[in-house]
Amino acid sequence: MSGDHDDAVISRQVRLLESLLEERGIVGGDTVDEVIDGFLAGASPVNGAKVVARAWTDPAFKERLLADGAAAVGELGFAAGGVQHQRLRVAENTDSVHNVIVCTLCSCYPLRLLGPSPGWYKSEAYRSRVVREPLAVLAEFGVTLPDDVKVTVWDSSAETRYMVLPRRPAGTDGLSEPDLATLVTRNGLIGTALV
Amino acid sequence: MPDRLAYAPGDVVRTYRHDPPHHTRLPRYARGKLGVVVEPEGRAPLADIRSQGRDDAPVEMVYAVRFAARDLWGEGDHDVVLDLSESYLRKADADVR
């Protein structure tokens, strides 16, 4: 059995647990909100963009990033996923491979590197269609690929989180690492846009 | 914990076919399908057991497994990679429930 979480039930359980913890003085009234705010404050696609710009300008870093994503982004002070340690696999786009990420079972996402996920990423339509007809979905995002490019869809069905390493655009040889980072979009890191 | 892995990169595996009455992390579209092991991803408690609130979930190796769209959907030229617990997989030539 798989599919959507039962939001109503889990939300009620969480609210109940929270109020019990507060009632008994185990956590303060604002503690949970503060922790969540602190966690989200550092979560942004700007982080993923910095990782990409470093990989474009530092071949040794790129090699480490592709071998062990979590360790490499850790060098820049970032983590892959939630509060606990998570594996990160960075999938590199090349002239023959284009990568797209999805979570068909729920909505797993490298939140720290990409920020809160967009609504469409969590939609039934994206989750069910991108594994079946990625070219049609990509076309709806305005992405068309040459015929000889093979698409790989990464379905985040366990603990590993995924991020796409887009191709560096032509004509950017003179740009600095910070300028390169500004070219990288959130959808580029998901694989639903080219950079 | 044994160091020997059940599957090596390149091994052809088949996923289980049945529809368990509890949560599982093998999506329906990838059940009873042939795939190729990419690599081991590290160990994790089996979600099927943990999601039932039990504390005896076995810690299993999770493998990245690559499936050809044609084997999943009967059409398409792309690949789909999933991360699957060891007990979701059998050797391709083994009898699958």
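In this predicted model, the C-alpha centres of domain 1 and domain 2 of chain A sit 32 Å apart. Domain 1 of chain A takes in residues 7-39, and domain 2 of chain A runs over 45-190. The C-alpha trace of chain A, taken along its principal axes, spans about 60 × 35 × 25 Å. As for secondary structure, chain A holds eleven helices and four strands.

Chain A has 195 residues, and 41% of them are buried. Its accessible surface comes to about 9,900 Å², with carbon and sulfur atoms supplying 54% of that area. Among contacts in chain A with a separation of 6 or more, 71% are between residues 24 or more positions apart. On the charge side, chain A carries 19 positive and 26 negative side chains. The centres of those two sets of charges in chain A lie 3 Å apart.

The cysteines come next. With the cut-off for a disulfide set at sulfur atoms within 2.5 Å, the count over all chains is zero. C103(A), for one, is in no disulfide, and its nearest cysteine sulfur, that of C106(A), is 3.5 Å away. C103(A) is also buried, at a relative accessible area of 0%. Then there is C108(A), whose closest cysteine sulfur belongs to C103(A) at 3.6 Å; that is too far for a bond, because the sulfur atoms would have to be within 2.5 Å. C108(A) counts as buried too, with 12% relative accessibility. For reference, a disulfide is a covalent bond between the sulfur atoms of two cysteines.

G119(A) belongs to helix α7, which covers residues 119-122 of chain A. At 53% relative accessibility, G119(A) counts as exposed, because the threshold for that label is over 50%. G119(A) and V184(A) are 65 residues apart along the chain, and their C-alpha atoms are separated by 20 Å. T192(A), by contrast, is found in the segment after α11 (186-190) of chain A. With a relative accessible area of 1%, T192(A) is buried, since anything under 20% is given that label. Leaving aside neighbours within four places in sequence, T192(A) is in contact with V100(A), W120(A), Y126(A), L138(A), F141(A), V143(A) and N187(A).

Over in chain B, S85(B) is part of strand β4, residues 79-85. S85(B) has 9% relative accessibility and therefore counts as buried, given the limit of under 20%. Its contacts, again setting aside neighbours within four places in sequence, are L46(B), E60(B), M61(B) and V62(B).

D11(B) lies in the segment before β1 (12-15) of chain B. Not counting residues up to four places away in sequence, D11(B) touches A6(B), G35(B), V36(B), V37(B) and K91(B). R54(B) is another matter: D11(B) and R54(B) are 43 residues apart in sequence, and their C-alpha atoms are 32 Å apart in space.

Terms used. Residues are numbered from 1 along each chain as its sequence is written. Chains are lettered from A and ligands numbered from 1 in the order in which they are written. This is a predicted model: local features need pLDDT of at least 70, side-chain atom pairs count only at pLDDT 80 or more; totals for chains, interfaces and linings use all residues. Side-chain values use heavy atoms; hydrogens and water are left out. Domain bounds come from an automatic or database domain assignment. Helices (H or I, at least four residues) and strands (E, at least two) are DSSP runs, numbered from the N terminus. Buried means under 20% relative accessible area, exposed over 50%, partly exposed in between (1.4 Å probe, protein chains only). Contact means heavy atoms within 4.5 Å. Accessible areas come from the Shrake-Rupley method with a 1.4 Å probe; for residues, only the protein chains shown count as cover. Lys and Arg count as positive and Asp and Glu as negative; His and the chain ends are not counted. The place of a charge is taken as NZ of Lys, CZ of Arg, CG of Asp or CD of Glu.
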